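Here is a short briefing on a single model. Look it over, then read on for the points by topic.

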Amino acid sequence: MRSTILSSVCLALATLATASEKFSYNGYKVYRVKTGSNLETVQSKLASFDFEQWNHDSTSHIDILVPPSQTASFEALDLNYHVMHADLGDSIAAESAAPTSNVRRQADNATSWYDSYHPYADHVKYFDDLQASFPNNSRKISSGKSYEGRDIYGLHLWGSGGPGKPAVLYHSTVHAREWISAPVVEYITYQLVTGYKSKDATVRAFLDHYDFFILPFVNPDGFVYSQTTQRLWRKNRQPGPRNSTCFGRDINRNWEFAWNATARGASSNPCSETYKGEAPSDTPENKGLDAFARKLRDEQGIKLFIDWHSYGQDILSPYGYKETLYAPELGKWTKAANLVSGAIREATEDRTTFTFGPSGAALYATTGAAPDHVYAIGGADFSYTIELRDTGDAGFVLPPEQIRPSVVEQWEGQKVLISLLDEVFFDGKGPA
């Protein structure tokens with residue numbers, strides 16, 4: 001979810017549309033620069049530099065990608081910083097170095113899947129295998145096609161009594177470079193399938209009460225491009241408007257609700273990482289997702305919606321488009337998020353901490369974003385963005401050894417959250 005400001009670096013990356021060679025990040029460095037009360041001074045010193053900013057909430061720090069030609073000059077500025085990636089090219093190489101020969105194992109025995117990152121085609125096969133292992137309680141689904149014609153695939157899971165119960169809807173890989181999000185929802189799917197088959201009482205209760213709709217790659221074109229050409233690509237792969245040489249729209253700034261509510265929540269510049277498009281749902285990906293959410297709303301209702309992103313370790317609820325607007329449900333959303341955060345912290349040796357709150361107030365303004373839309377238009381009882389690991393040591397290029405702890409901690413959190421979906425909050429009796 002973290003976004004960038006427009007500079008000559010990100011402008012060059014945004015216009016890299018049809019390059020046949022993979023973009024090299026060799027020699028690029030990523031720094032975290034402390035800001036705080038010195039924000040204006042830091043920004044003034046950085047004004048003459050080429051860099052891409054990874055985060056948007058710069059009140060405490062700025063995470064920046066600096067090209068090799070600028071690193072020596074940057075380090076001479078005497079800013080308060082630490083190095084996140086000494087050579088981003090090396091970090092990306094290490095990220096993809098783990099073997100993927102375990103891909104074709106049967107889904108029920110595929111926990112080693114969560115030890116490495118995988119090509120897109122293998123992700124498709126993994127979900128196919130999960131569905132084949134659970135044929136009587138699942139089906140393949142699709143919310144439509146991407147700009148380049150890839151299927152936006154997923155699984156629908158249900159328990160006793162058949163489908164038709166209130167829906168839990170998960171989206172991931174909205175932003176192409178956020179590779180950790182797909183393994184998280186795949187692991188949740190894996191736990192639901194294997195737990196139900198093994199008669200785990202908790203999982204059985206979940207699937208007997210709710211239908212799960214899980215879409216692991218809602219931006220498949222961008223993800224494939226991030227694997228083949230440009231690791232830090234964010235948007236979809238749709239051409240810009242006429243007379244623009246830049247590609248891509250931000251699918252998570254393209255939803256109808258509050259699409260143009262404030263200029264601070266998205267960009268009208270086609271070269272920006274947060275380009276919102278020329279009109280709401282003018283991406284095929286968003287158009288299909290919106291139709292899918294409305295259909296669930298009308299046919300069975302949406303109990304929980306989560307849009308999975310990285311990085312920052314946050315659990316964010318509506319509203320995102322206005323920092324001073326609080327939904328009536330904010331109390332129960334915050335209570336639930338607090339319990340989820342606590343479960344994650346207790347489940348991890350390093351006591352991993354997730355902060356929580358309304359998106360606009362807790363982080364920064366976002367217009368045309370999924371949680372606001374699926375709450376306001378889709379009628380979701382609970383609606384969140386979850387920003388996954390980490391808080392800035394690795395950022396978007398999360399090492400493979402952090403995949404397994406990331407997916408495990410999120411399953412622990414989801415077990416708590418799903419158990420709260422029918423809780424009566426603030427009655428003086430329940431756990432909330």
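The side chain of Glu387 comes to 3.4 Å from the backbone nitrogen of Ser310. That is a polar contact (a pair of N or O atoms within 3.5 Å; within protein, one must be able to donate a hydrogen and the other to accept it, and residues adjacent in sequence count only if both atoms are side-chain atoms). The model is predicted: local features need pLDDT of at least 70, side-chain atom pairs count only at pLDDT 80 or more, and totals for chains, interfaces and linings use all residues. Residues are numbered from 1 along each chain as its sequence is written, and side-chain values use heavy atoms, leaving out hydrogens and water.

**Glu387 and its annotation**
- Glu387 sits in strand β12 (strands are DSSP runs of E, at least two residues; helices are runs of H or I, at least four; both are numbered from the N terminus).
- Glu387 is buried, at 0% relative accessible area (buried means under 20%, exposed over 50%, partly exposed in between, with a 1.4 Å probe and protein chains only).
- An unreviewed UniProt entry marks Glu387 as "active site".
- The unreviewed entry also places "domain: Peptidase M14" at residues 116-421.
- UniProt positions follow the numbering used here, feature names are shortened, and annotations may be inferred rather than shown by experiment.
- Over residues 116-421 the chain is 36% helix and 16% strand, with the end C-alpha atoms 32 Å apart.

**The sheet**
- Eight strands form an open sheet with mixed pairing, in the order β5-β6-β8-β7-β9-β12-β10-β11 (two strands pair if DSSP finds at least two bridges between them).
- β5 (138-145) and β11 (355-358) are the edges; each has a single partner strand, so one side of each lacks a neighbour in the sheet.
- Neighbouring strands are turned by 20° against each other on average, direction ignored.
- β6 (residues 151-157) pairs with β8 (residues 211-215) in the antiparallel sense, over three bridges.
- In this pair, His156 stands opposite Phe213 in β8.

**Nonpolar cores**
- The largest nonpolar core has 64 residues; Leu157, Trp308 and Tyr384 are among those with the most contacts inside it.
- A nonpolar core is a set of buried Ala, Val, Leu, Ile, Met, Phe, Trp, Tyr and Cys residues joined through side-chain atoms within 4.5 Å.
- Helix α6 (residues 181-197) gives the most to this core, with nine residues.
- Another core of 19 residues lies apart from it, including Ile251, Leu289, Ile302 and Val374.

Notes:
Axes fitted to C-alpha atoms, helices over the stretch in contact; angles between N-to-C directions.
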